[in-house]
Amino acid sequence: MDSTGGQSLYPLHRCKTLHLVRHAQGIHNVEGEKNHEAYLSYDLFDAQLTPLGWKQVHNLRKHVQACGISKSIDLVIVSPLLRTMQTAVGVFGGEAYTDGVNVPPLMVANTGNSGHPAISSLNCPPFVAVELCREHLGVHPCDKRRSIREYRPLFPAIDFSLVENDDDILWKPDIRETNEEVADRGQKFLKWLWTREEKEIAIVTHSGFLFHTLSSFGNDCHPIVKSEICANFANCELRSMVFIDRSMMGSASSTTNYPGKIPNGLDLPSDVATEKLPEEGLAN
């Protein structure tokens with residue numbers, strides 16, 4: 001009989017806190033809502049944020065600073081497309097870049113014809129680009145990335161070392177990933193997260209990737225909790241989740257547990273001692 005009432009308890013060192021963010025509004029969101037065929041247009045190649053999207057970024061930035069998330073994050077993982085990188089550095093980056101500060105900017109001024117000033121990497125967590133958390137691959141030019149050699153000068157402080165190929169060999173003009181393939185890729189991404197030591201991670205990615213990756217979770221929960229996990233994300237929406245390692249995929253040891261008995265001494269609990277008394281009486 002389950003007496004926990006739907007509750008769960010896990011060791012802290014087998015958990016990570018994930019702050020999941022969908023990118024802000026991109027030009028493809030606007031054009032695609034007017035006409036779905038627009039997603040096939042190469043005019044939307046590697047879509048950048050709209051002016052409204054940048055307003056969404058600034059509002060989310062205010063929120064993460066007000067609630068303290070910006071100071072607790074150990075790592076920012078970002079899909080290597082223009083709209084997600086603009087969102088990530090705008091939300092979690094430093095203040096406007098100023099001359100005389102001896103750190104590379106996260107983003108140079110006017111990236112993606114945004115008119116946005118440069119963004120500093122000063123006092124920020126590391127940013128790393130990861131292809132596993134990209135949007136559906138194929139067919140839609142808005143989901144095709146530029147070469148890494150084009151991105152590096154635009155986002156000097158983002159680490160692109162985990163991206164294996166300079167050119168985008170994953171995107172195919174005539175084959176679009178199925179939902180099942182995106183979900184499988186999402187599970188590979190989540191398993192990869194357990195190879196990282198960081199405990200609190202922001203992930204800036206895409207609506208399709210989030211929906212299909214998260215849909216397999218929460219089936220043993222109340223329907224409202226299930227919806228909180230995997231309902232479609234709005235542009236620039238953030239949801240914070242606790243990610244549990246039930247199968248020992250991670251190798252992290254606890255930094256807060258304490259073994260006790262230092263110095264060593266007798267510590268038999270009273271209830272155990274009581275249970276042992278009848279046995280000792282029989283032995284006498």
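This is a predicted model: local features need pLDDT of at least 70, side-chain atom pairs count only at pLDDT 80 or more; totals for chains, interfaces and linings use all residues.
Reader: Now E1. Which way does E1 run against E8, parallel or antiparallel?

Author: Antiparallel. Seven bridges join E1 to E8, which spans residues 238–244. Take Val21: its bridge partner in E8 is Leu238.

Reader: And how do E1 and E7 pair?

Author: In the parallel sense, over six bridges. E7 covers residues 200–205. Within that strand, Glu200 stands opposite Thr17.

Reader: How many residues of E1 are buried?

Author: Seven of its eight. So E1, residues 15–22, is mostly covered, since buried means under 20% relative accessible area.

Reader: What about E2 and E5? How many bridges join them?

Author: Three, and the two strands run parallel. Look at Val78: its bridge partner in E5 is Ala129.

Reader: Why is H4 described as largely enclosed?

Author: Because 11 of its 11 residues are buried, the rest of the structure largely encloses it. Among the buried residues are Leu82, Arg83, Gln86 and Phe92.

Reader: Which helix crosses H4, and at what angle?

Author: H2, residues 51–66. Its axis and that of H4, residues 82–92, come within 8 Å and cross at roughly 35°. The crossing is right-handed.

Reader: Which residues meet there?

Author: From H2, Trp54, Val57, Leu60, Arg61 and Val64. From H4, Gln86, Thr87, Val89, Gly90, Val91 and Phe92. Seven residues of this contact are nonpolar, three are polar and one is charged.

Reader: On to the largest nonpolar core. How many residues are in it, and which touch the most other members?

Author: It has 32 residues. Val76, Val89, Phe92, Phe127, Phe155, Ile158 and Phe160 touch the most other members.

Reader: Which elements give two or more residues to this core?

Author: The helices are H2, H4 and H5, residues 148–154. The strands are E2 at 75–78, E3 at 105–107, E5 at 127–129, and E7. H4 gives the most, with six residues.

Reader: You named Val76. Which residues is it in contact with, leaving aside neighbours within four places in sequence?

Author: Ala88, Phe92, Pro125, Pro126, Phe127, Val128, Ala202 and Val204.

Reader: Which residues does the second core include?

Author: That separate core has 23 residues, including Val182, Trp192, Leu193 and Phe243.

Reader: Last one. Where does Glu180 lie?

Author: In helix H6, residues 179–193.

Reader: Is Glu180 buried or exposed, and why?

Author: Exposed. Its relative accessibility is 55%, and exposed means over 50%, so it counts as exposed.

Reader: What separation do the C-alpha atoms of Glu180 and His212 have?

Author: They are 7.6 Å apart. Along the chain, Glu180 and His212 are 32 residues apart.

Definitions and conventions: Residues are numbered from 1 along each chain as its sequence is written. Side-chain values use heavy atoms; hydrogens and water are left out. Buried means under 20% relative accessible area, exposed over 50%, partly exposed in between (1.4 Å probe, protein chains only). Helices (H or I, at least four residues) and strands (E, at least two) are DSSP runs, numbered from the N terminus. Two strands pair if DSSP finds at least two bridges between them. Axes are lines fitted to C-alpha atoms, for helices over the stretch in contact, and angles run from 0 to 180 degrees between N-to-C directions. A crossing is left-handed if the near helix is turned anticlockwise from the far one by less than a right angle, and right-handed if clockwise. Contact means heavy atoms within 4.5 Å. Ala, Val, Leu, Ile, Met, Phe, Trp, Tyr, Cys and Pro count as nonpolar, Asp, Glu, Lys and Arg as charged, and the others, Gly among them, as polar. A nonpolar core is a set of buried Ala, Val, Leu, Ile, Met, Phe, Trp, Tyr and Cys residues joined through side-chain atoms within 4.5 Å.
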